[in-house]
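Please look through this model before reading the points below. They go from overall confidence to single residues.

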Amino acid sequence: MTCNQIELLEDIAIDINDQHIKTYINFKLLHLETFKKEINNIKSFLVKENVPDDYRKFLYELYRYEKKHQYKYTKEKGYKTVAAIRIEILLPRKIKKLSDQKKFAKQYMKECNPIHYDIPWISYIVQRNESNYIVFVISEREYLDCRVADIYNRNYKSKTGAIIHSKGDPKLDKNGKVIKKHVLFSSKVRIFTFSKFKCFELFMQDLTEKLVMVLKPLIGSLQKRFVLKKRNAKKIWHFYNGKCVIEVNHVKRYVETMCNYAYTLQRAKVANNAYEEARMRNSPTPLFKEISNLFYKYKKRFDKQNYHDQTNQLREIAYINVPLDQLQANLYQLKKEFIRELEMIVPQALK
């Protein structure tokens with residue numbers, strides 16, 4: 001399969017198995033150290049709102065403000081001040097125009113901020129592996145930069161117990177005039193709250209649903225895709241175990257990619273014939289059942305972590321308790337059998 005052929009596959013799609021949206025979206029709380037690194041990573045911006053022209057100077061002002069007002073119990077209890085929020089999203093290949101990217105950035109932030117707080121945020125594009133990612137850096141403090149009356153934060157009493165200054169009263173100088181102070185940022189407004197979700201996974205699902213609402217008008221209907229669940233190697237694992245996970249994930253990714261590509265080719269055949277497209281609008285894609293059966297056959301093998309090859313020999317493909325060289329040989333044989341079976345269904349997918 002060539003690079004041009006791979007581009008036919010969608011970056012965002014619906015899992016045929018569980019109907020969940022599959023795409024890349026990363027949510028991260030930026031503490032002071034990571035926020036400073038993020039500022040240095042921003043070379044230019046795509047869209048910004050409620051941010052002055054000199055955005056870099058503004059971001060450093062925000063960093064210094066958060067550092068000055070960080071939690072006093074950080075060292076004692078290990079809590080860290082959240083200076084900003086970072087969201088990274090893989091942009092579908094269809095969103096290539098700069099105007100569409102800017103439109104997407106504005107619409108997505110409107111979905112995330114339905115109450116329309118005047119929070120400052122900035123977005124920029126990152127390119128990795130021929131794909132575009134959009135990064136949002138968001139502050140939960142509104143940018144004020146104004147002078148306001150300095151008020152008492154609590155009640156003050158005289159020696160006799162009488163209240164001489166109530167909480168919320170403005171402070172006065174010796175001439176009876178209101179004392180004003182310069183305020184740069186407001187207190188935090190929480191637009192991302194975890195408490196209303198049972199778990200972080202549901203919170204991420206909510207962010208993904210907002211993403212879909214914004215993308216649909218820009219890219220049209222979402223394509224259904226076959227997806228295999230992959231395990232991530234943990235840093236604390238031994239190198240050997242991590243290598244085994246990578247080997248299994250590589251073959252999983254090949255199987256799902258080729259099944260999706262074969263499915264895309266069959267859909268393209270229908271789209272090339274207007275009459276056929278209208279006639280089969282509510283009918284299954286040609287050979288979809290065969291492609292689907294092949295995918296679920298190999299999904300079952302990955303779930304069981306073993307399979308019987310053509311000679312009925314049992315081969316283990318678990319990422320633990322299997323020697324690496326044996327695992328690689330078993331995965332090679334599995335991939336070889338998959339290619340043979342796919343070629344029998346959609347031979348042009350392997351050209």
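**Notes on the predicted model**

1. **Confidence.** This is a predicted model. Its mean pLDDT is 81, and 83% of the residues of the protein reach 70 or more. Two stretches need care. Over residues 1–9 the pLDDT stays under 50, and the model has 17 contacts for them beyond four places in sequence. Over residues 274–282 the pLDDT is also below 50; that stretch has five contacts in the model beyond near neighbours in sequence. Where pLDDT is low, the predicted coordinates should not be read in detail.

2. **Overall make-up.** The protein holds ten helices and 14 strands. It has 351 residues, and 40% of them count as buried. Take the contacts between residues at least 6 apart in sequence: 68% of these join residues at least 24 apart.

3. **Helix 2, buried side.** Which residues of helix 2 are buried? Helix 2 spans residues 32–41, and its buried residues are L32, F35, E38 and I39. They lie on the same side of helix 2, because they cover an arc of only 115 degrees around the axis. An α-helix has 3.6 residues a turn, so residues three or four places apart point the same way.

4. The buried residues of helix 2 are covered by several elements, including strand 3 (25–31), helix 3, strand 5 (82–90), strand 6 and strand 7. On the face turned away from the buried side sit the exposed residues E33 and K37.

5. K43 sits in the loop between helix 2 and strand 4 (47–49). Is K43 buried or exposed? K43 counts as exposed, because its relative accessibility is 66% and the cut-off for exposed is over 50%. Leaving out residues up to four places away in sequence, K43 touches Y55 and R56. K43 and Y124 are 81 residues apart along the chain, yet 8.4 Å separates their C-alpha atoms.

6. **The cavity.** Rolling a probe the size of a water molecule over the atoms shows where empty space is left. How many cavities of 30 Å³ or more are there? The count is one. The largest cavity has a volume of about 50 Å³.

7. **Its lining.** F35, V51, F58, L59, L62, A84, P120, W121, I122, V137, I138 and S139 line the largest cavity. F35 is also among the buried residues of helix 2. At least two lining residues come from each of helix 3 (55–68), strand 6 (121–128) and strand 7 (131–138). Helix 3 gives the largest share, three residues.

8. **E290.** E290 is found in helix 9, residues 288–304. From C-alpha to C-alpha, E290 and V346 are 9.4 Å apart in space, although 56 residues apart in sequence.

9. **E341.** Helix 10, residues 324–345, holds E341. Is this glutamate buried or exposed? E341 is buried, because its relative accessible area is 14%, and buried means under 20%. Not counting residues up to four places away in sequence, E341 touches L294, K297 and Y298.

Terms used. Residues are numbered from 1 along each chain as its sequence is written. This is a predicted model: local features need pLDDT of at least 70, side-chain atom pairs count only at pLDDT 80 or more; totals for chains, interfaces and linings use all residues. Side-chain values use heavy atoms; hydrogens and water are left out. On a 1 Å grid over the protein atoms alone, a cavity is a set of points where a 1.4 Å probe fits but cannot get out, and a pocket is an open set with protein on both sides within 12 Å along at least five of seven lines; lining residues have an atom within 4 Å of a point. Grid points are joined across faces, edges and corners, and a volume is the space filled by probe spheres set on the points. Helices (H or I, at least four residues) and strands (E, at least two) are DSSP runs, numbered from the N terminus. pLDDT is the predictor's confidence in each residue, from 0 to 100. Contact means heavy atoms within 4.5 Å. Buried means under 20% relative accessible area, exposed over 50%, partly exposed in between (1.4 Å probe, protein chains only). The arc is that of the directions from the helix axis to the C-beta atoms.
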